[in-house]
Amino acid sequence: MPAWLIVFLVTIGYLLASLAIGLASGRHASDSTEGYVAGDRSLNFLVLYFIMGASVFSAFAFLGGPGWAYSRGAAAFYILAYASVGLVPWYFFGPRVAALGRRFGYVTQAELFAHRFDSRAIPAILAVLSIFAFVPYLVIQMKGAGYVFNVVTEGRVPQWAGSAIAYGVVLVYVFRSGVLGVGWTNTFQGMFMMVLAWGLGLYLPAKLHGGVGPMFDAIAAGLPDMLRGPGLGADGQPWSWGAYSSSVAISAFGFSVWPHYFMKIYTARDVDTLKRTVVYYPTFALFLVPILFIGFSGVLAFPGVEPADAILPTIVTSALIGLPPVIVGLFCAGALAASMSTGDALLHAAGSVAVRDFWGNLRPGALDDAAQRRWIRLMVILVGAASYGLALIPGLSLVELLLLSYGFIAQLFPLTVVTFLWRGVTRAGALWGLVTGGAIAFFLDLALRLDLVSAAATAGVHPGIYGMVGNVIVMIAVSRHTARLAPAHVVEFVNR
Amino acid sequence: MDEPRRAPPPGRNPVAVAVAAFYVLLFAALVWPVYPWFATIEPRVLAMPFSLFYVVVGLLFSFFVLFGYYLWERKRETADGDANGASR
C-alpha cells in the first residue's frame, strides 16, 4: 500500500472515532436550549479540563507555535507567558458567574452583562462583535485542517476537500450533540494531542540534533538572537519589548473573557469542578513546551521553509526523518484534532450568541425554547458554511483580522471586573467605556496599518492596551455623572 | 445536583487578596521591565536557554500557588462545615 494511502486511512480512522464520540455524547442531554448550549450545567472536571485545554491547542498553537519558534525564536515564549496567568481570573469570578447563571438562567456571556447593567445595547453590540471575531478565527482553523490534509497526502487531497471533510464531521456532531459533543470530542482530541506533542517534541530534536540540549547549543552558537528575549519580529529583526509585553498582556486579559470560553463557565457541574479546571489548566499549557521544541528543531536542519507555519508538516513528512506512514497519519490526525477542537467550540458559540444575544434582544420573547434550539442549529450551519466560503478565498489575510479582534475582546476584561467589584458603575458608564475602548483599539490599529501613526509613537504597544486605558477612564468618568442602578439590583452581583 | 455555594468575594478574604496580588506580580515578572533581565541564553537549565526556563518556572509557580490556595480553601470549608454541625 502506498505511504500516502496509509496516512489517509489513519486520518479517516481518527475522524470516524471523533464522529462516533461526538454523536454518542449528546444522547443524555435534555431536549432544551439549556441542554444544547450549557449541557444542563452538568459537565465534569475531565471534560471541562479538556475543553479549556484544547482551546490552547488550536490550529494556531499546533502549526503556528512551531512556526513562531522556527522563524521568531524566543518571541514564541509569549504564548507560554500568557497561558500561565490567562485563566486565573476565572478562579475568582467564575463561581459567581456560575451561581448567577444557575439562578437567572443565563447560557451566554452577554446575558450576564445585559442583566447586570439592565441594558439591551451592550449584549447586542457584544453579539455582533463576537460573530465578527469568531468567523476569522474559525476560517483559520478550517484552512489549517485543509492544509494538513493536503501536505500529508502529497497533494492528492486538495485543501478545499480536506477542510470540507474535517468540518463536515464537526458540523454533524455540533449540530446533533451541542456542547456535550464539543466536550467529549475535545477530551478524546486533547489526549491525542498531548501524546503527540510530547512524542514529536522529544523525538525530533533527538533525531535531528542528538537531543534538546545539543539543539539549543547549535542555535545559541549560530543564531543567538533567536534564544534571547524578546526574540525576532515578523521582519526577522529583533522584536521590541513593548510589542512582546503587550502581546502577553492583550492575550492574557482577553483569554478569560473570550465569549466562547466564558460561556463554558455555565456548563460546570459545580463550583469545585470549575475551580479545579482553573487550577490544573497550566498542566495542559505545559504541553506547549515540546510544541516549541519542534519548531526549534527545524531552525538549522530545515532553513528557509516558507510560510513558517509549514515547518511542522515539512519536518514530519521529510524523507530525512523517515517516520513510518502510520506515525505521519497520527500527526495528521493530531493537527486536525487541534483545528477541530477549537473550531467546534467557535461554531457552537456563534450559533448560541447569534440567537440568544442578538435576536433575543431585538425581539425579546419571540422564540420559545424549542424554536431557539432550532434556530441555533440553523445558525451553526450558516456560520459554518459562510466560514467555509471564506476559507476558499486564496490569499485572504485573516490573521490580521484576528489580532484586531483580540484588541476588542480584551475590552471585556474591565467590564467583567467592575461587574463584580464596583457598585458605582452605571449603565452609560459600562456602555461608553466599552465603545470607547473598542473604537480606540480599532482606529489606532487602522492608523498603524495605513502608516498614519508610526509604530515608534506607540512604543510597539498593542492598540488594544490603549483601548483598555481609554475604556477604564471613560467608564469611571461617565459613571460619576450618570444615574446609578438600583442598589437592590446591584447587590445581586456585588455583595460586599 | 447541589446548588453551588456562593463564594466569598475576594475583597473579604485576605488570603485571596494575597493570591490575587501574587498573580499580578507573576504577570509583571513575565513582561517588561522584569523579564528582560532574565531573557538570556545562559545559564542553561534542563537543556533549555534561561529565557525559556524562566517562563516555564512561571507556569509551574502559577499551578502550585493556585493548587495550594485551592487546598487551603477546601480545608477551611470543611472546618467551617464541622463547626456549623457542632453548634446545631
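**View 1. A nonpolar surface patch of about 480 Å² on chain A of a predicted model**. The patch is formed by A:Val128, A:Phe132, A:Phe358, A:Trp359 and A:Leu362. Patch residues have over 30% relative accessible area and no salt bridge, and nonpolar side chains (Val, Leu, Ile, Met, Phe, Trp, Tyr) are joined within 5 Å; a salt bridge is a side-chain nitrogen of Lys or Arg within 4 Å of a carboxyl oxygen of Asp or Glu. Areas are Shrake-Rupley values with a 1.4 Å probe. At least two patch residues come from each of helix H8 (121-152) and helix H16 (325-362), and H16(A) gives the most, with 3 residues. Helices are DSSP runs (H or I, at least four residues) numbered from the N terminus.

**View 2. A:Trp359 in helix H16 of chain A**. With 36% relative accessibility, A:Trp359 counts as partly exposed (buried is under 20%, exposed over 50%, partly exposed in between; 1.4 Å probe, protein chains only).

**View 3. Helix H5 (residues 77-85) of chain A**. Because 9 of the 9 residues are buried, helix H5 is largely enclosed by the rest of the structure. Among them are A:Phe77, A:Tyr78 and A:Tyr82.

**View 4. A:Ser479 in helix H21 (residues 463-480) of chain A**. A:Ser479 has 4% relative accessibility and counts as buried. Its side chain reaches the backbone oxygen of A:Met475 at 2.7 Å. Leaving aside neighbours within four places in sequence, A:Ser479 is in contact (heavy atoms within 4.5 Å) with A:Trp422, A:Gly424, A:Val425, A:Thr426, A:Gly429 and A:Val474.

**Notes.** Residues are numbered from 1 along each chain as its sequence is written, chains are lettered from A and ligands numbered from 1 in the order written. In this predicted model, local features need pLDDT of at least 70 and side-chain atom pairs count only at pLDDT 80 or more, while totals for chains, interfaces and linings use all residues; side-chain values use heavy atoms, without hydrogens and water.

Conventions:
Patch = residues over 30% accessible without salt bridge, like charges linked within 9 Å, V, L, I, M, F, W, Y side chains within 5 Å. Polar contact = N/O pair within 3.5 Å; in protein donor to acceptor, adjacent residues only side chain to side chain.
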